[in-house]
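These are my notebook entries on a single model. I set down what I looked up, topic by topic.

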Amino acid sequence: DNYAVSDFNTTHIINGDWVYDLPIGRDYKGVRRALLGGWQLTGLWRWTSGLPFGILNNQNWATNWTQVGWLVQTAPISLNKHIGSSGVPQAFADPSLLQNGYLTGTPVRNGYPGEAGQRNQFRGDGYFGIDGGLSKSWVIHEGQSLRFAWEVFNVTNSARFDVHSINNDVTSGGFGDYSSTLTSPRVQQFSLRYSF
């Protein structure tokens, strides 16, 4: 059977957000208050545990001729995200060990006839991101205001790789290589909004 956690399973999810009115300039009047008062810090923080993935052999149809079989783990396998010899992120500490090993049965083997193999027994990256903002508001007149904002998405410029982009076919070149990320690079934007 293909019993396993779902492809989008995230066992742990932690989210946080904040809005903080800076205490600077509250007691000031006139120009000093216009410059120093009314500043606000905001942010969002999100972290999830790793997403699951498995290893396939696209030349093995152990169960039927419409679904290739997942490989079965028979010995410990070391995951170690690093830049591989091809210059792209790699999920396994030694992908050649798996590519050579499935023929001998260790540390992975092909599924036996009628066996679906092991699906999603490994975990890759989860999501991590911090977004932040700094804003300043001015009251122009009753019912009218002006707001300046500086917003930064992915403040730490953290890279998390998408396990659904892993080349998980043990028989192909580039096995274990990631081809896309879960996160986007840091982006900043400025805005000025007049409300009436």
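Which residue just after α2 takes a positive phi? I found Gly105 there, with a positive phi of about 100°. I took helices (H or I, at least four residues) and strands (E, at least two) as DSSP runs, numbered from the N terminus.

**Basis.** I note that this is a predicted model, in which local features need pLDDT of at least 70 and side-chain atom pairs count only at pLDDT 80 or more, while totals for chains, interfaces and linings use all residues. Residues are numbered from 1 along each chain as its sequence is written, and side-chain values use heavy atoms, with hydrogens and water left out.

**Helix α2.** I looked up burial next (buried is under 20% relative accessible area, exposed over 50%, partly exposed in between; 1.4 Å probe, protein chains only). The buried residues of α2 are Pro95, Leu98, Gly101 and Tyr102. Viewed down the helix axis, the buried residues of α2 fall within an arc of 125°, so they line one face; the arc is that of the directions from the axis to the C-beta atoms. The face turned away from this buried side carries the exposed residues Asn100, Leu103 and Thr104. I find β6 and β7 (108–109) included in what covers the buried residues of α2, with contact meaning heavy atoms within 4.5 Å.

**Core.** I then searched for nonpolar cores (buried Ala, Val, Leu, Ile, Met, Phe, Trp, Tyr and Cys residues joined through side-chain atoms within 4.5 Å). The largest has 17 residues, of which Phe53, Ile55, Phe92, Leu98 and Val170 touch the most other members. The elements giving two or more residues to this core are β6 (89–92) and α2 (95–104).

**Strands.** I counted two strands as paired if DSSP finds at least two bridges between them. Strand β5 (79–83) pairs with β6 in the antiparallel sense over three bridges, and Leu79 stands opposite Phe92. In the hairpin of β5 and β6, with five residues between the strands, Gly87 takes a positive phi near 85°.

I also traced an open sheet of five strands, in the order β1-β2-β9-β10-β11, with antiparallel pairing. Its edge strands are β1 (13–21) and β11 (187–195), each pairing on one side only. Nine bridges join β1 to the antiparallel β2 (39–48), where Trp47 is the bridge partner of Ile14.

**Salt bridges.** My criterion was a side-chain nitrogen of Lys or Arg within 4 Å of a carboxyl oxygen of Asp or Glu. The count by this rule is three. Arg119 forms one with Asp7, the closest N and O atoms being 3.0 Å apart. Arg119 lies in the loop between β7 and β8 (122–123) and Asp7 in the segment before β1, so this pair ties together parts 112 residues apart in sequence.

Asp125 and Lys81 meet in another, at 2.9 Å from N to O. Asp125 is in the loop between β8 and β9 (128–141) and Lys81 in β5, so the parts tied together are 44 residues apart in sequence. I record Asp125 as buried at 12% relative accessible area, whereas Lys81 is partly exposed at 38%.

Glu115 forms a salt bridge with Arg109, with closest N and O atoms 2.9 Å apart. Here Glu115 is partly exposed at 26% and Arg109 is buried at 15%.
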